[in-house]
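Please keep the sequence and the model in view while going through the numbered points.

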Amino acid sequence: MMKKMLRGAILAACCMSAQSAMADEWEVTWQGFEIISPWGMEFAPELTHTARFSGVDANHDSVLSLDELDSLKIDWRNVTSCPGENYSCGVSAFSYSVAGGVKFSAFYQSSYVDEWSGTIDSDNYGYTVGGDFSWMHLGQGSSDEWWNHAFTSQTVETVTLISSVPEPTTYAMFGAGMLLLAAAGKRRKQQ
């Protein structure tokens with residue numbers, strides 16, 4: 001009887017530690033921006049930008065901070081993992097809490113050879129929540145372009161919890177638990 005209780009306690013401890021290693025994933029949408037460009041300014045109430053981020057609140061302070069962030073994708077650009085050598089990206093600040101919302105500062109840059117001029121062009125994206133989302137095209141053979149989508153008091157932020165994403169340690173703990181059950185079952189058959 002004591003052995004059964006001990007096995008049950010070990011299995012429960014494995015399950016609890018696996019649950020605490022779960023990363024959560026959120027989606028945030030901002031709607032309504034002031035468009036600022038060389039052609040003027042106008043408010044666009046239907047203009048949206050979307051970001052997805054995931055992480056684990058390791059210190060349990062109800063704030064997901066930069067060092068707890070696993071991934072951040074803004075629109076379709078992954079700013080935490082650059083796709084290749086012609087890209088640079090990064091996140092310099094990040095925080096999320098239910099009370100404070102999402103705040104971050106990030107960038108994404110790509111360089112490529114312009115097919116018309118044969119020169120190197122680059123697209124630069126800057127993201128500062130509460131400031132603006134900006135884009136600048138710098139071309140050696142073509143004209144430079146830019147725009148800013150500035151946050152205003154009319155910009156609406158919506159944050160949705162998408163899912164809890166299992167961390168690799170979760171699978172390891174699950175595997176260890178299954179091995180313990182298999183060993184206990186084999187031992188029981190032998191007796």
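1. A search of the whole structure, which is a predicted model, returns 1 disulfide. The bond joins Cys82 to Cys89, with an S to S distance of 2.1 Å. The angle about the S-S bond is -130°, and the link of Cys82 and Cys89 is left-handed.

2. As to the overall layout, the protein contains 2 helices and 11 strands. Read from the N terminus, the order of elements is α-β-β-β-β-β-β-β-β-β-β-β-α. Of the contacts in the protein with a separation of 6 or more, 46% are between residues 24 or more positions apart.

3. The protein has 191 residues, and buried residues make up 32% of them.

4. The interior deserves attention next. In soluble globular proteins, nonpolar side chains tend to be buried together. Here the largest nonpolar core has 25 residues, and those with the most contacts inside it are Trp30, Phe53, Leu72, Ile74, Phe94, Phe104 and Tyr127. At least two residues of this core come from each of strand 1, strand 2 (40-55), strand 4 (69-74), strand 6 (87-97), strand 7 (101-113), strand 8 (120-128) and strand 9.

5. Which residues does Phe104 contact, leaving aside its neighbours within four places in sequence? They are Trp30, Leu72, Ile74, Ala93, Phe94, Tyr127, Thr128, Val129 and Phe133.

6. Aromatic pairs number 17 in a search of the whole structure. One of them is formed by Trp30 and Phe133: the ring centres are 5.4 Å apart and the planes stand at 85°, which is over 60 degrees, so the pair is edge-to-face. This pair links distant parts of the chain, since Trp30 belongs to strand 1 (residues 23-37) and Phe133 to strand 9 (residues 132-139), 103 residues apart. Trp30 and Phe133 are both buried.

7. A further ring is approached by a charge. The charged end of Arg77 sits over the ring of Tyr125, at 3.7 Å from the centre of that ring.

Definitions and conventions: Residues numbered from 1 in each chain as written. Predicted model: local features only at pLDDT ≥ 70, side-chain atom pairs only at ≥ 80, totals over all residues. Heavy atoms only, no water. Phe/Tyr/Trp six-rings, centres within 6.5 Å; stacked < 30°, edge-to-face > 60°. Helix = DSSP H or I, 4+ residues; strand = E, 2+ residues; numbered from the N terminus. Buried < 20%, exposed > 50% of the residue type's maximum accessible area, 1.4 Å probe, protein only. Lys NZ or Arg CZ within 6 Å of the ring centre and 35° of its normal. Disulfide = S-S within 2.5 Å. Core = buried A, V, L, I, M, F, W, Y, C linked by side-chain atoms within 4.5 Å. Contact = heavy atoms within 4.5 Å.
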